Amino acid sequence: MDLQSYPIAEKWFSVTKVDDTTDMLLEPHVHVLEQANLFFVRGSDRDMMIDTGMGIVPIRPYVEPLTEKPFSEIVCVSTHTHIDHIGGVHEFDIRLVHPIEADEMAAPSGMNTIIRDEIDPKLVVLFEEAGYPPLDELLIDALPYAGYDPKSYSLTGAPATGILEEGDTVDLGDRQFSVLHVPGHSPGSIALFEEKTGILFAGDAIYDGPLIYDGPGMSVDEYVATMKKLQALDVSIVHGGHDPSFDKKRLDEIVEHYFRIWGV
Ligand SMILES: [Zn+2]
Ligand SMILES: [Zn+2]
């Protein structure tokens, strides 16, 4: 690969204000397939980081300016343990995940490369058939710094310090997020729902782009139940694991679209 032809990124993460208490981080130079939405939510007593990206460079320097609290008290929630969601989890002291995926977070066994030819070809087909644009030689279109070697990439997991199951609450002081177990895309996927505001952080259970439901650890039967569960919520806005946020009407449209595909 000709690394000379890749530009050097000025900043690896972009940070966008979502609302007064929430910022979204994103890795613009990662292929859209693995470009996850990472949310930082400020609370009165503690802050919450939802997912942590690919782990190509540390996320912590981008998160520190967003909080005034001790970094050691930020609650890091992994919605699930795919490569694009747990890359920076090891940089946080409080790491929560669903028990079904705790082993995977401690020692990731799935995709662990940013080089196309090193990805399981079955996965590449799965991604392209789902509707994602073809993968280039690398899953990045710029280097994070001069001299970066894509071969050096490795997904570093970290053991959970606590678990989150259906019915648990992540309490930020003035804000409480209920944990929903939403399997289908992955066995231990969780979403966070704030009843007071109708805000849903959905992870990859639902987003406004090509959903992935046909790969290892995935289940359409479980996904159908998850979709019905999400449809029953009184949501005002859904912040998905990928793609722009959307409202309840769009949630219903997305669900109906996949129910047609799945013959539900
Ligand atoms: Zn994802
Ligand atoms: Zn995923």
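I am working from a predicted model, in which local features need pLDDT of at least 70 and side-chain atom pairs count only at pLDDT 80 or more, while totals for chains, interfaces and linings use all residues. Residues are numbered from 1 along each chain as its sequence is written, chains are lettered from A and ligands numbered from 1 in the order in which they are written, and side-chain values use heavy atoms, with hydrogens and water left out.

I began with the zinc ion (ligand 2), which is coordinated by His80 (NE2), His82 (ND1), His185 (NE2) and Asp204 (OD) at 2.1 to 2.3 Å; donors are N, O and S atoms within 2.8 Å of the metal (3.2 Å for Na, K and Ca), and because water is not among the atoms, sites may look incomplete. I then noted that Asp204 bridges this ion and the zinc ion (ligand 1), the two lying 3.4 Å apart.

I checked burial next (buried is under 20% relative accessible area, exposed over 50%, partly exposed in between, with a 1.4 Å probe and protein chains only), and found His185 buried at 3% and Asp204 likewise buried at 3%.

Leaving aside neighbours within four places in sequence, I found Leu200 in contact (heavy atoms within 4.5 Å) with residues including Leu180, Phe193 and His239.
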